[in-house]
Each structure stands twice: as structure tokens, then as C-alpha cells.
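Please open the structure in your viewer and keep the selection tool at hand. The tour below moves from stop to stop, saying what to select and what is found there.

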Amino acid sequence: MENEERCISSCYSDWMSGMPSSFWDTPLWNIAIPGSHDTMTYCLDQQSSVLESAPKVLQVLDTLFPCIVRPCIIKWATTQENSISNQLDLGIRFLDLRIAHKIKDPNKVFYFAHGIYSLLTVKEALSDIAYWLDQHTKEVVIIALSAFDGMNLDQHRDLIQFLISTFNNKLCPNHVTPSLKECWDHSYQVILSYDDSAASGQEELWPGCEYWWANTSDPNHVVSYLEEKKEEGRPEKFFAAGLNLTEDARYIVSHPCQSLQSMTLSSYSLLLNWVKHQCPGSGKTCFNIICADFVGAFSNEFSQLVIGLNQTLLKET
């Protein structure tokens with residue numbers, strides 16, 4: 001099994017560099033790209049409190065019964081098992097990073113969050129990404145930062161300064177139409193989306209990436225929602241379609257033995273069957289980024305399917 005996993009990673013860790021030359025001039029928003037939803041939830045910290053933005057009732061319960069509340073949150077907030085470097089090795093090229101700041105922490109320390117805070121800091125994770133990119137110089141990663149829980153304008157400025165200094169010349173400016181050839185010619189490896197007005201005027205930062213989210217625990221409703229959005233027409237540039245299921249309090253109470261992972265994996269075949277029938281491109285009903293939870297599941301079937309969708313573009317040329 002270990003050898004099989006190593007083989008799968010090696011097959012997809014450099015998939016962009018192995019794309020046929022007919023793709024090299026295609027804008028990346030017209031290529032099928034696999035992404036991970038809530039990328040950093042593999043390292044949530046069970047010792048941390050719930051977010052400051054959480055409902056007051058949940059904050060009170062967390063104060064009174066942390067040994068019950070926090071394990072429950074982790075069970076339903078964990079959307080990934082693989083580390084960020086492993087996700088990149090599996091072919092993931094869109095990273096969904098939800099940023100947060102703890103009120104009592106130093107101003108320049110930022111974390112990731114989904115219900116509760118992460119163990120890893122933003123500095124640690126993004127430094128890992130930069131190191132990975134140094135080893136894979138023809139791969140391009142779209143990094144989407146959002147949420148920014150508990151952050152003020154000065155903290156946004158500190159974070160933006162860190163991002164620019166970390167990725168430096170790897171950053172693709174937002175006025176460029178990024179194709180593989182354009183990125184390779186200028187050594188661009190990062191398209192950095194920053195979903196906050198604090199980024200306005202920064203040519204290194206792209207606007208927030210539209211994310212289609214069905215907000216339901218029913219996989220059939222996810223599929224019907226994405227089909228409805230598809231018929232409305234795709235955005236002109238980057239956008240992501242989320243396969244992720246979402247539980248609510250009623251679902252959690254009525255399924256005490258389940259977790260987000262068990263709920264997701266039981267629906268994986270239905271969701272991936274929908275993926276098989278999609279196509280990338282510039283047309284109204286075409287897709288770009290497709291995101292999922294537990295991206296390495298079933299021998300990395302998700303990334304294989306999404307990357308494989310690009311074969312439909314070859315047939316058109």
C-alpha cells in the first residue's frame with residue numbers, strides 16, 4: 001500500500017509540467033484544476049477555543065464543556081487528512097485557506113480556522129508551500145485566502161507584506177492572463193487570491209475566487225445545485241465548484257455515530273460520477289476548479305478524474 005501511495009503521488013506531483021504543448025497557451029481558468037476545500041483542517045487544535053466569531057451559545061458551551069464541544073467540532077470540521085505538501089503531491093493546485101487571528105496572540109501571528117483554530121501557523125504552512133514550489137518549478141498553485149476572522153486593517157497589511165516577501169517573484173500579477181507558457185516564461189508559480197478590500201491596489205494579489213457551495217448534506221442536492229449554476233453560466237476568470245457536503249445541527253444530532261468524513265466518503269462515488277461528465281474550457285457550461293473534501297481518498301481518485309477532464313480539450317483541437 002505504501003508503494004502504491006508513493007507511485008500515485010509521483011504521478012501527479014508534476015502533472016502541469018507534463019501537459020501536452022497544445023495546453024501551454026490556454027488560460028488556466030479554462031483548464032480543469034483539482035482543489036481542496038478547507039485545505040488546512042487536517043491540523044485543527046483540540047486545545048484551542050472556538051472562534052471569536054462563533055455563536056455566543058457555542059462559546060458558552062465551549063467554556064463549560066470543552067472536553068465535549070471541541071472533539072465534536074473536530075469531527076465535523078475536519079475536511080482533509082493529508083498535509084498541505086502531500087495534497088500538492090496528490091495533484092491539488094487550488095488551496096482554500098481560511099485565515100484567523102487569536103485576540104490574545106501577537107499581532108503578526110495568524111492561524112487557519114474552521115470552527116476552531118489550527119495547530120500550524122500561516123507562516124509555517126505558506127513556507128512549506130514555497131519550499132515545495134522550489135522543488136517543482138513548473139507547477140502553478142492558486143492560493144485563495146479568505147475569512148480573516150478577528151483581523152484588523154493593520155494585521156491585513158502585515159499579512160500581505162509576509163505573503164509578498166514569501167513568494168516574491170513567484171507571484172503572478174493580476175493583470176496577466178496566466179497560461180502555463182506565460183507562467184513558465186516568467187517563473188510565476190503562485191496566483192494569490194485575497195478576498196478582502198485590504199488587497200485593493202496590490203498587483204500581486206488577485207480578487208476573491210468565486211466558490212459555488214450548495215450548503216447541504218444531501219449529495220443529490222449538491223449535484224442539482226451545481227447543474228443549476230452551470231446553466232447560469234461560468235464566470236469569466238477563476239472560479240471553484242465545491243463538491244463538499246455541509247451538515248447542520250439537526251443532522252449532527254440525528255447522526256451521532258457519523259462524522260464529516262464518513263458522510264463524505266459514503267457519497268464519494270455519486271459526486272465523482274458527476275465529475276466524470278464535466279468538461280473544462282471557455283464555454284458557458286464549462287468548469288475550471290473543482291474542490292473536494294478528503295482529496296486523497298480511494299487512491300486519489302478525485303485528482304485523477306479532474307486532471308483527466310482536460311483530455312476533452314485535446315479532442316476539440
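Begin by selecting two helices, H5 and H6, where Val 122, Lys 123, Leu 126, Ser 127, Ile 129, Ala 130 and Leu 133 of H5 meet Leu 159, Phe 162, Leu 163, Thr 166 and Phe 167 of H6, a contact being a pair of heavy atoms within 4.5 Å. Before going further, note that this is a predicted model, in which local features need pLDDT of at least 70 and side-chain atom pairs count only at pLDDT 80 or more, while totals for chains, interfaces and linings use all residues. Residues are numbered from 1 along each chain as its sequence is written, and side-chain values use heavy atoms, with hydrogens and water left out.

**The H5 and H6 pair**

Helix H5 covers residues 122–135 and helix H6 covers residues 153–167, and their axes come within 10 Å and cross at roughly 20 degrees. Helices (H or I, at least four residues) and strands (E, at least two) are DSSP runs, numbered from the N terminus, and axes are lines fitted to C-alpha atoms, for helices over the stretch in contact, with angles running from 0 to 180 degrees between N-to-C directions. H5 and H6 are therefore roughly parallel to each other, given that angles under 35 degrees count as roughly parallel, over 145 as roughly antiparallel, 65 to 115 as roughly perpendicular and the rest as oblique.

**The H2 and H3 pair**

Select next H2 together with helix H3 (residues 66–77), whose axes come within 6 Å and cross at roughly 125 degrees, and H2 and H3 are therefore oblique to each other. On the H2 side the contact is made by Leu 58, Leu 61, Asp 62, Thr 63 and Leu 64, and on the H3 side by Pro 66, Val 69, Arg 70 and Ile 73.

Stay with Leu 58, which has its place in helix H2 (residues 56–64) and is partly exposed, with a relative accessible area of 28%. Here buried means under 20% relative accessible area, exposed over 50%, and partly exposed in between (1.4 Å probe, protein chains only). Leaving aside its neighbours within four places in sequence, Leu 58 is in contact with Val 50, Val 69 and Ile 73.

**Two loop residues**

Move to Tyr 42, in the loop between strand S1 (33–36) and H2, where the residue is partly exposed at a relative accessible area of 22%. Its C-alpha atom and that of Asn 82 are separated by 6.5 Å, although Tyr 42 and Asn 82 are 40 residues apart along the chain. Apart from neighbours within four places in sequence, the contacts of Tyr 42 include Gln 80, Glu 81, Ile 84 and Leu 120.

Not counting residues up to four places away in sequence, Thr 216 touches His 221, Val 222, Leu 245 and Thr 246.

**Aromatic rings**

How many aromatic pairs does the structure hold? There are eleven aromatic pairs, where rings of Phe, Tyr and Trp (its six-membered ring) pair if their centres lie within 6.5 Å, and planes under 30 degrees apart count as stacked, over 60 as edge-to-face and the rest as tilted. One of them joins Tyr 268 and Phe 298 in a tilted arrangement, at 5.7 Å centre to centre and 50 degrees between the planes. Tyr 268 lies in helix H11 (residues 268–275) and Phe 298 in helix H12 (residues 297–308), so the pair ties together parts that are 30 residues apart in sequence. Tyr 268 counts as buried at 4% relative accessibility, whereas Phe 298 is partly exposed at 48%. Select also Trp 212, Phe 239, Trp 274 and Phe 287, which form one aromatic cluster.

**Positive phi values**

Most residues other than glycine have a negative phi. Ala 147, which is not a glycine, has a positive phi of about 75 degrees; this residue is found in strand S5 (residues 141–149) and is exposed, with a relative accessible area of 55%. At the last stop, Phe 294 has a positive phi near 50 degrees, lies in the loop between strand S10 (289–292) and H12, and counts as buried at 5% relative accessibility.
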